[in-house]
Amino acid sequence: MTDSRLSPSRDDESTNTSGNTSFDAVLHARLSRRQLLGSALGAAALTLAGAGLPNAFAAPAVPGAAAPGRRAARLGFAPVAKSLEDAVVLPDGYRYSVLFRLGDPLAASIGEYLNNGEDDPASFALRAGDHHDGMHYFGLGANGRHHRDESRRGLLCMNHEAITPEYLHARGQTVADGVRTDAGEVLREFYAHGVAIVETIEAGGKWRYERDSRFNRRIHTLTDMALAGPATKTRYMVTKYAPDGSRTRGTVNNCASGHTPWGTYLTCEENWASYFRRIAAVDDPRRSAKELAAFARYGVRGNGRERWATVTPDTPDDLYGRWNAMKLGASDDGNDDYRNATNTYGWVVEIDPFAPASTPKKRTALGRFAHEGAWLGPVQSGAPLVWYMGCDSRDEYLYKYVSNLPWNPVDADGGLAAGDKYLDDGRLYVARFDADGSGKWIELRFGVGNVTRANAPYPFADQADVVVHAQLAADAAGATKMDRPEWAAVNPKNGEVYVSLTKANASSRPLAELDAANPRFYNDRKTTGQDRQGNPNGHVVRFAEAGGDAGATSFTWDVFLFGARASADARAVNISGLTDANDFSSPDGLWFSPATGVLWIGTDDRAYTDVTNCMLLAAVPGSVGDGGPRTIVSSDGVSSRAVNTYVGAQLGEENLRRFLVGPKECEITGLAETPDGRALFINIQHPGEATRPAYATARFGSHWPDGGRARPRSATIVITREDGGEIGI
Ligand code: FEO
Ligand code: CA
Ligand code: CA
Ligand code: CA
């Protein structure tokens, strides 16, 4: 659920004014309206390129992972019903326990969380943060090092994306005349964002976290970070905090995540732009045309969503002023203010959970955008390493990073030094989805294609400029605008990549701008409240890299799954044939279990919430091209439009089932599993976020997980089977 208190919510807002359109405009130019609206779309041009897919794909060899090539032959649970209860609902034979909630202490010296808004702000430096999101489980060996097969003791690394101040403070944020007047509340918020690393242990069939583990750590908006890769020590990164451009302070809006083959965690900065204060009427006249083009593209303007920069007086180290991105100083390069501070956010950040004193590194070679997450492709000795990355905003793109250095398993315990090898030196690509079911990866390299000094509206100066302004480079490269790319997941069976496209509304994807990969426009008929037009239920695309090579520059794709109400029109909306056992809306989390091969799909929904809370589904997918070409006829009530696309085979209840429904007003976010597949960790984000609290009566939108009249808390749960078996199969 997008935070409803934000007005407007930045990730619901398009800043992509590029002329990039999809192939469909081309298709329209070629085909007459009559042809498009004709029934049988048998055009030879639409033969599915995926029909010639390579079948020689080498199964990925992830060190220590379960045997590659395993797959879930069948789902082994009865689907749960949709639910509006304030509870976690699971299939028969499964149970869960609450592991790690907002405010839970990470050191013996920190007291239990009061959960009434009165906890000491400073104590949050060692408490669980808010809005649990992306997550990864790293097995922890007896020697304190990464042990890939360890399923009883591990380090759980997780993101704390954002906050719900109504529950964090006594009565929400204290604001007077637009200014934050309670510095303690702001300090609490600084700490409540970021990342937690927490040791988790199973004993006697019960999971708990170790309260005083030496590995427990919080990383937040005050943590010192190194900048690495092409943009470090360049003029784009100069701040008063680090005049040489080598460092920055903090990480924020850490959405989904990723990991490396050498046992480090990747946390991804998503809606960072909205945290900075930049009053355009004051700052714009002080800025160059290039800077203004960059601010417009990245949406850097306004008061800052939490108004952190408004606190006075400031501290000697600019605790609050560092969120003011306006040009205030007299220097030429910005060494006396934070005019460039926004360039130090929007990155994939590498953290070594096994080295609690290590400094996180922002890996600039992976580009700067609204990073959802970074998902590792198949790992093979002698082949480059690849990460797939979505930019989660309306009309944004799908990227991938390919290391220049081929993977050498001697680096499997290399820590951040291995990151220096593989994550600072590589190629950044953006995806174009073509009409014929194929696609291209276009490299974002200075001097290549339109990414040059001659580009308009943004002339590039060098490769550092390209990675700092990757969204502008992707515009220049002609990437395909997608319906808000969230997670990606790589099938351990065959290396195919699945990408959730959570939703689009009528303004970001009107009928006229449908394309093959974003092909659906309809009216989502609610049982209560207002209907929503556009693609409010979202879809999942998938692709197979050419030759089974993750580093390839072309691919074939189809639409794996369309979100829909089971009751919706089967021809135009419920194209995947969903039933009451598996209908859903707005896919976000997407994760393949290496142990079982099950694809888990979590939802972040505001459309189907008249009928059900957000949920988790389990799928057993086939492969790209197992369906076929399809024409979808959409209507906005005024005109209609036929779009040709490719749709995967329907899964049916056999291969797609609802596994879990969460409590009220939550989102199902992070997913992680023990290597043996017998414990599944799920993050439940912001239960009760949509209902404004009635403090006097303790009437909140949810009371999960503590129950009674308690304030709701984001939390990690751990799901196990009563018979101790693998989850989902
Ligand atoms: Fe933070 Fe894209 O969800
Ligand atoms: Ca959310
Ligand atoms: Ca997400
Ligand atoms: Ca989302």
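This is a predicted model: local features need pLDDT of at least 70, side-chain atom pairs count only at pLDDT 80 or more; totals for chains, interfaces and linings use all residues.
In which order do the strands of the open three-stranded sheet lie? The order is β24-β26-β25, and the pairing is antiparallel.

- Why does glutamate 372 count as buried? Its relative accessibility is 0%, and buried means under 20%.
- Glutamate 486 counts as buried as well, because its relative accessibility is 2%.

**Calcium ion (ligand 4) and its neighbours**

- Glutamate 486 bridges the calcium ion (ligand 3) and the calcium ion (ligand 4), and these two ions lie 3.7 Å apart.
- Distant parts of the chain are linked by glutamate 486 in strand β22 and aspartate 604 in the loop between β30 (599-603) and β31 (615-619), 118 residues apart.
- Both glutamate 486 and aspartate 604 are buried.
- Between the calcium ion (ligand 4) and the calcium ion (ligand 2) there is a distance of 5.8 Å.

**The three-stranded sheet**

- In the β24-β26-β25 sheet, the edge strands are β24 (504-505) and β25 (522-524), each of which pairs on one side only.
- Three bridges hold the antiparallel pairing of β25 with strand β26 (residues 532-535).
- Across from aspartate 524 stands arginine 532 in β26.

**Strand β6 and its partners**

- How many of the 10 residues of strand β6 (residues 194-203) are buried? Eight of them are, leaving the strand mostly covered.
- Strand β3 (residues 153-160) runs antiparallel to β6 and is joined to it by eight bridges; alanine 196 in β6 is the bridge partner of methionine 158.
- Strand β8 (residues 217-219) also runs antiparallel to β6, with three bridges between them, and isoleucine 197 stands opposite arginine 217 in β8.
- Strand β7 (residues 206-209) pairs with β6 in the antiparallel sense over four bridges, with tyrosine 209 in β7 as the bridge partner of threonine 200.
- β6 and β7 form a hairpin with two residues between them, and glycine 204 in the turn has a positive phi of about 60°.

**The four-stranded sheet**

- Another open sheet has four strands in the order β1-β37-β36-β35, with antiparallel pairing.
- β1 (94-101) and β35 (667-673) are at the edges with a single partner strand each, so one side of each has no neighbour in the sheet.
- From one strand to the next, the twist averages 25°.
- β1 and strand β37 (residues 715-721) run antiparallel and are joined by seven bridges; threonine 716 in β37 is the bridge partner of phenylalanine 100.

Key:
Residues are numbered from 1 along each chain as its sequence is written. Chains are lettered from A and ligands numbered from 1 in the order in which they are written. Side-chain values use heavy atoms; hydrogens and water are left out. Donors are N, O and S atoms within 2.8 Å of the metal (3.2 Å for Na, K and Ca); water is not among the atoms, so sites may look incomplete. Buried means under 20% relative accessible area, exposed over 50%, partly exposed in between (1.4 Å probe, protein chains only). Two strands pair if DSSP finds at least two bridges between them. Axes are lines fitted to C-alpha atoms, for helices over the stretch in contact, and angles run from 0 to 180 degrees between N-to-C directions.
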